Amino acid sequence: MSADTASEAPVAPGISRTAKGRKGGKGPRYAKTGYLFVAPFMIAFTAMFLVPLAYAAWFSLFREQMIGGNVFVGIDNYTRAFTDPQLIAGLGRVALFFLIQVPVMMILALFFALALDSALLRLSRTVRLAIFMPYAVPSVVAALMWGFLYGPDFGPLAQLADKIGAAAPDFLGADLMLGSIANIVTWEFTGYNMILLYAALRAVPTELYEAASVDGAGPWRTAWSIKIPLLRPAIVLCMVFSVIGSFQLFNEPSIMRTLAPNVIVADYTPNLYAYNLAFVGQEYNYAAAVSFVLGFVIMAGSYLFMLATNRRSRS
Amino acid sequence: MNPRFRRRTGLGAALASPLAFSACGRRPVQPPEHVSQAEIDEAMHTPTELNFWTWVPGIEKQVALFEEAYPDVKVDVTNAAQGAGHYAKIRTALRAGRGAPDVAQIEYEMVPAFTITDHLLDLRPYGAGELEDQFVEWVWAQVSGPGGEVWAIPQDTGPMGMLYRADIFEAHGIEVPATWEAFADAARALHEADPEVYLTNFPPSQGAFFAGSLWQAGADPFGGSEGADLKVDVTSEAAQRVTEFWAGLAAEGVVSTDPDFSDQWYQAANRGKYATWLTAAWGPVFLQSTAASTSGKWRAAPLPQWESGDQVAGNWGGSTNGVFNITEHPIQAAVFAQFINTDPECTKAMATEQFLFPPTKALLEDPEFTGMELEFYGGQKVNEVFAQISETVSPDFQWPPFNDQVRADYGATVGTAIAEGSDAVAALSDWQDRIAEYAEFQGFTVEEGS
């Protein structure tokens, strides 16, 4: 850009020549071509992402009432959000969900990825596909299906328990609901994380394994000392996706709500809360503010996580 | 227009949806004092296209009859969603200032939610004022404003009654309970005799059933509210009575508390877990299609009463057709809403083919309607039972201007308390507080009762 303006602006010839000389005569044209190439993406990105985001941010600074109209309230909606017990309780719930569900899912995914990579498994393609399959099921369908399985009177699990003379746990009750949802999410996403880890494992150069076996390492030792350390970047990536997924939990509780409306209340997760604020309470401005707060929490959470893992890998 | 482009602009409108773009949208119609017959005739002969959003199955029949009568007016029917989704889409379109329908299906309980935001067109100047005599009094009260405005045209109603399993009643020697007291005794006796069966299911988060129950008990929690002045009294004696009754039976474990219209509930209804379904006039035909395996075993009766010898009922459900004031064709839209809900052929088809329970006096007295014998109910004239119940619904029941929020708060407070067996009467106060807090936040002046 600077070279571009330099060629047009009437500046001292000496300076102009040095500028041109340094950057090369074809510089400006290359720059323009570059912008042209990214233009389609940038236009769509701006129109469909940046503009709505900026508008929502602007919008979250207002308060529109049924009686009294629309007024600019500055950061009032944000101060309300940071002290809103319903939002804080929802954040606490998804944080707990993250702490319980994600480790279970990651350990399972890692186990399956290592097992598949060990080449000891028969029918590894079939197994890989079977574990990945749930990811191909839309989460709404998965939630409906599990909702049926959890059914307290006539669900298959309850019937099975009845057959052996035991009482099935109340999967849809207040105590177990979060666990029931965690189970659905684990079922859905273990395969996805497994594929990411498996792909990373396939990229490990075979020389390392050869060297390890020359040094006398068995399969367990190889997995522990070579594979897992090399998987670190992929694991961090999976974890960041999981932070985002956990905090944005919406589909599963939203579907399960029809089955247990008194357990999954309107503010069960922050996303559900924002949705209900906008479309039940018509508090669109506040819903926008809550969405931004949720976005900040996710950003902060992901950043802290990356910071923590980076520091540990350096030490 | 290129369809791809249209989709793109549609997406743009969707993204802009929650935004305050109303300023650049269409200005609402200022309703004239009176519209002459000549003006109506002229409008009805002008080629026009109307958008009508409804979830009513088979409404094409009434639309066809209308288009036959007024060949110049074409009606496009859209089934955008049912219930909450339908209103969310309408609100979004109204806020965007374009894309909203001219005419829409609106439940009685949601009419005030659209008048408070000044989106409904008063239909009086278009001849709706003269329709009052055709409708049952309490139904007309539901669509009338405090100044005599007509906000919508009633289409169907849901006076509440009781559907019961005659076979279960007979097997256990239970008589059809005439009072709630007798109902409670029967609930205890039945559950003791057969622990697998409950006299009824109380759906703890079904706010509409609870509202209908308050209506029957004589509570009118929002009665007297007008404009920015909101009266709230969900803790009245009548409301406490209803709450204590259901919370008590639920705590004793003699009624079940499954969420209604869920898989669990459908299966239970088919397998005879519930001996009654406390429902509304649209219930009989609905049950017939969802619990087909129990055909012939059911009968209909009025609800049990709070005071022995009384005969009163509440209403649950039913809907209207309203016209939004952003319409470019107020006359055609108003005439359409009136035609499909008052034309004899249209309304008869609704009542006898689409099984919408009628709000018009003519049909409620029509032997062809009341005399229908339903096999599912052992040949009982179920419509006659509900037509009689319809006469016992009180006209004094007003909906809040934000019913969806009130419902959500009910589920989170009273509904949850009944389901979990915690103090439900205390939860009534929580409910009241939540409503008051929300109302004040929305700029209402709140006056709390009792």
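Let's start with helix H4 of chain B, residues 84–96, in this predicted model. Most of H4(B) is covered, with ten of the 13 residues buried. Those buried residues include His86(B), Tyr87(B) and Lys89(B), and the run from Ile90(B) through Arg91(B), Thr92(B), Ala93(B), Leu94(B) and Arg95(B) to Ala96(B) belongs to the buried set too. Just past the end of H4(B) comes Gly97(B), which takes a positive phi of about 85 degrees.

From here, let's move to the place where the two chains meet. Chain B brings 30 residues to the contact and chain A brings 28 residues. On the chain B side, H4 is among the elements that give two or more residues, together with helix H11 (263–270) and helix H18 (403–420). The most comes from H18(B), which gives eight residues.

Now look within chain B itself. Chain B is divided into domain 1 (27–157 + 317–370) and domain 2 (159–315 + 374–448), and the C-alpha centres of these two domains lie 28 Å apart. Their contact takes 21 residues from domain 1 and 23 residues from domain 2. On the domain 1 side, two or more residues each come from helix H5 (111–115), helix H6 (137–143), strand S8 (315–323) and helix H16 (367–370) of chain B. The domain 1 side that touches domain 2 has 15 nonpolar, four polar and two charged residues.

Notes
Residues are numbered from 1 along each chain as its sequence is written. Chains are lettered from A and ligands numbered from 1 in the order in which they are written. This is a predicted model: local features need pLDDT of at least 70, side-chain atom pairs count only at pLDDT 80 or more; totals for chains, interfaces and linings use all residues. Helices (H or I, at least four residues) and strands (E, at least two) are DSSP runs, numbered from the N terminus. The expected span of a helix is 1.5 Å times one less than its number of residues. A residue is buried if 20 or more other C-beta atoms lie within 10 Å of its own, exposed if 12 or fewer, and partly exposed in between; C-beta atoms are placed from the backbone. Two residues are in contact if their C-beta atoms, placed from the backbone, lie within 7 Å. Domain bounds come from an automatic or database domain assignment. Ala, Val, Leu, Ile, Met, Phe, Trp, Tyr, Cys and Pro count as nonpolar, Asp, Glu, Lys and Arg as charged, and the others, Gly among them, as polar.
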